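Please have a look at it first.

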Amino acid sequence: MREVTLVERLTALDASFLYLEEPGTPMHVGAVLVLECPSGTLDHDALIELVRTRLPLVPRYRQKVLEVPGHLANPAWVDDPDFDLTYHVRRSALPRPGTEEQLLDLVARLTARPLDLSRPLWEMYLVEGLAGDRTAVVTKTHPALVDGLGAIDIGQVILDPDPDAGSAPTDSGEWRPRRPPGSAALVWEAVEEYLQRPSAVLETARTAAGDLRATATRWAGVAGGLVAAVARTAVSPAPTSPLNAPIGRQRRVAVARASLDDLRTVRKAHGGTVNDVLLTSVTGALREWLLSRGEPVVGSTSIRALVPVSVRAEEDGAANEVRSFLVDLPVGEPNSRVRLARISFAMRGLAPSGQSVGADTLSALSGFAPPTLHALGARAASGLSRRLFNLVVTNVPGPQVPLYAGSARMVEVYPVVPLVRGQGLAIGLTSYDGTVYFGLNADRDSVSDVDVLADLIEQEIAYLVEASS
């Protein structure tokens with residue numbers, strides 16, 4: 001019996017992640033990179049060439065998912081013999097001079113479109129016409145592509161700290177796809193796998209049948225640390241919130257910004273961490289947003305957030321540590337400084353009580369890689385009961401030095417975290433070069449005023465800074 005398989009299979013977790021995706025809730029993770037492009041230094045042809053030279057660094061991005069007949073085994077990764085880079089790297093434009101509002105409307109429309117599951121699961125759009133000699137690159141990547149500690153996102157691959165690095169190609173030769181196995185070979189592989197590991201085939205059958213109990217069991221087995229954390233944190237269902245409602249297929253996207261120096265000023269004056277300050281700004285904004293909608297807000301009102309957090313290790317050169325928490329945000333508290341104190345106390349209280357999840361568990365859970373921590377939030381939200389939390393807030397600390405796509409400098413970067421069924425808002429935060437960038441992805445109907453919420457986040461940060469002076 002052969003030891004080497006013909007194909008590389010998706011893990012049971014990634015397979016279930018694909019099976020549970022619905023047309024109205026595409027699970028790809030997005031990013032909006034805003035670049036300074038004087039004299040058109042990054043046009044469509046240049047971006048295609050840049051991506052072409054970097055594809056050897058991410059071979060998965062030229063592979064597609066191939067189903068096994070009869071769902072006898074998990075789907076397989078195979079080279080796409082018809083891979084067309086120009087299909088994945090597309091071109092769009094705004095009427096000059098393009099505004100941020102126009103860009104975000106385009107991003108919302110792109111975010112709402114599911115990826116084509118018959119092709120490699122990523123897309124990239126060059127958006128020309130932004131005011132101020134700027135260009136945007138919008139990326140969409142399915143979390144299944146990032147399935148290991150060594151995996152990296154396509155958006156990270158095109159960025160360098162050196163503006164001249166783009167001129168150095170990394171492709172050593174013409175790519176030649178391996179011929180995908182036929183149906184008979186796929187079935188034979190599944191039979192061999194059954195003979196070697198009968199339990200794996202039973203697991204696949206349950207996944208293919210859409211057995212949600214089996215999926216929950218698989219999550220419990222892979223992410224026992226997270227399930228234990230949830231059991232200790234969420235002793236009761238999440239509070240009732242307008243954020244939890246049936247959602248449609250269309251999206252709205254809004255953004256906000258905050259200076260890292262301002263956040264550190266608040267932290268120094270009132271204690272806690274920068275992440276505590278960020279959560280406090282979100283909490284205050286949610287409070288004012290609820291009031292603006294005429295929602296009842298009393299002293300005990302709260303909103304529960306699922307918060308995966310990347311924490312830099314204290315030892316130099318050590319890998320980042322990742323922890324995930326369920327945090328009740330005190331939106332009923334009218335005083336911003338008291339909100340910060342309560343959130344800081346809650347976050348300090350979670351770690352010593354064993355309610356945090358270590359990096360190893362989250363790696364198994366999400367296929368974690370630093371540039372795709374936002375995918376972790378989506379995967380954790382997809383795998384847990386929606387009754388346990390109201391929204392996802394992911395925070396990714398990024399590089400504090402300028403990065404370049406070719407010779408074009410990236411000046412802003414906004415994450416777009418996908419929505420899960422029944423949840424109308426997801427918030428992603430990324431710090432880069434002295435600024436924290438908020439990306440808010442919302443259901444177009446149930447959270448139609450997400451731009452108001454983004455403005456309120458910036459106002460809340462301004463209040464906190466003023467109270468710290």
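Let me begin with a definition: a residue is called buried under 20% relative accessible area, exposed over 50%, and partly exposed in between, using a 1.4 Å probe and protein chains only. This is a predicted model, in which local features need pLDDT of at least 70 and side-chain atom pairs count only at pLDDT 80 or more, while totals for chains, interfaces and linings use all residues. Residues are numbered from 1 along each chain as its sequence is written, and side-chain values use heavy atoms, with hydrogens and water left out.

With that in place, Phe83 counts as buried because its relative accessibility is 17%, whereas Trp175, at 26%, is partly exposed. Rings of Phe, Tyr and Trp (for Trp, the six-membered ring) are said to pair if their centres lie within 6.5 Å, and planes under 30 degrees apart count as stacked, over 60 as edge-to-face and the rest as tilted. The count by this rule is three aromatic pairs. In one of them, the ring centres of Phe83 and Trp175 are 6.1 Å apart and the planes stand at 75°, so this pair is edge-to-face.

Turning to the interior, a nonpolar core is a set of buried Ala, Val, Leu, Ile, Met, Phe, Trp, Tyr and Cys residues joined through side-chain atoms within 4.5 Å. The largest such core has 57 residues, and those with the most contacts inside it include Leu42, Trp122 and Ile158. Both domain 1 (8-183) and domain 3 (251-401 + 418-467) give residues to this core, so it lies between them; the domain bounds come from an automatic or database domain assignment. A second, separate core of 44 residues includes Leu286 and Val436.

Finally, which strands make up the open sheet, and in what order? Strands here are DSSP runs of E with at least two residues, numbered from the N terminus, and two strands pair if DSSP finds at least two bridges between them. Six strands form the sheet, in the order β5-β6-β7-β2-β13-β12, with mixed pairing. At the edges stand β5 (89-98) and β12 (404-405), each with a single partner strand, so one side of each has no neighbour in the sheet. Strand β13 (residues 408-416) is mostly covered, with eight of its nine residues buried, and seven bridges join β13 to the antiparallel strand β2 (residues 29-36).

How values were computed
Helices (H or I, at least four residues) and strands (E, at least two) are DSSP runs, numbered from the N terminus.
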